[in-house]
Amino acid sequence: MITMPALIIRAPFAVAAVQGLPVGKKHVYKQIECRGRGYRTPYRGAVAIFASRNRDEADQDTIADVLALSRGKGRATSNDAREARTYCVQTFEKWRYRLAGFVRLFGVVTADQASQASKADYHELHVQAFDVTEAWQVETYLAIEPLHALTEPGPEFTSACAGCLASPPHNAIACHVGWQTVSLDEVPAVVSAEVGSWPVARGSRQLCKAAPSAILHDGA
Ligand SMILES: [Zn+2]
């Protein structure tokens, strides 16, 4: 049994982060941007990625824009939109509320840091994540890379969530936002080797240490 941090995010994004978004014969691996400041963390290492039970029709437009950009086009075509719709439906049906895989978190960029970055670095942050049209209110950018993708859906989130397994259990509806703590029976060696100390102490000074450009060029 291993205890580690987890994020639970909508299926199209969870799958694109760990398994890659298919673009022709390639896969594009995306980073994750978050609306809340609570996603800032000094933790670095393996993170479990679960697909959530929520779906949002607007995700199809986001994925269509990512597909278009990955193909070097400025605007999504009706083909991109159709492909995005299929991808969103399929990822939701297969992965909802299940473990999809693991990523390595290697940096955190705050909105303040992003706003001070050069225009090119700011643009690159968005290109690497999902909001390629730079339309969202982003507070935290998580620099991640894929570590291990499952081919079949893993455990259901509530069967791994420490709060759900506690006695009495927490209020899952209210709590399944932001960083989560999960306990998993089976974790590949490549993942367990990179699980850091979790949860981390609050108020750590290492928070958000890396500058955007350092993160963008780390391991690129
Ligand atoms: Zn829970």
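This is a predicted model: local features need pLDDT of at least 70, side-chain atom pairs count only at pLDDT 80 or more; totals for chains, interfaces and linings use all residues.
Consider the helices to begin with. Helix α2 spans residues 58–70 and helix α3 spans residues 78–95. Their axes come within 8 Å and cross at roughly 125°. That angle makes α2 oblique to α3, since angles over 145 degrees would count as roughly antiparallel and those from 65 to 115 as roughly perpendicular. The crossing of the two helices is right-handed.

The residues that form this contact can be located on each helix. On the α2 side they are Asp59, Gln60, Ile63, Ala64, Leu67 and Ala68. On the α3 side, Asp80, Ala81, Glu83, Ala84, Arg85, Tyr87 and Cys88 take part. Sorted by class, the contact of α2 with α3 comprises eight nonpolar residues, four charged residues and one polar residue.

Attention now turns to the strands, with β6 as the point of reference.

Strand β6 pairs with two strands, β5 and β7. Strand β5, residues 45–51, runs antiparallel to β6 and is joined to it by six bridges. Strand β7, residues 140–149, also pairs with β6 in the antiparallel sense, over nine bridges. Gly101 of β6 links the two pairings: it is the bridge partner of Ile49, and it stands opposite Ala149 in β7.

Methods:
Residues are numbered from 1 along each chain as its sequence is written. Side-chain values use heavy atoms; hydrogens and water are left out. Axes are lines fitted to C-alpha atoms, for helices over the stretch in contact, and angles run from 0 to 180 degrees between N-to-C directions. Helices (H or I, at least four residues) and strands (E, at least two) are DSSP runs, numbered from the N terminus. Angles under 35 degrees count as roughly parallel, over 145 as roughly antiparallel, 65 to 115 as roughly perpendicular and the rest as oblique. A crossing is left-handed if the near helix is turned anticlockwise from the far one by less than a right angle, and right-handed if clockwise. Contact means heavy atoms within 4.5 Å. Ala, Val, Leu, Ile, Met, Phe, Trp, Tyr, Cys and Pro count as nonpolar, Asp, Glu, Lys and Arg as charged, and the others, Gly among them, as polar. Two strands pair if DSSP finds at least two bridges between them.
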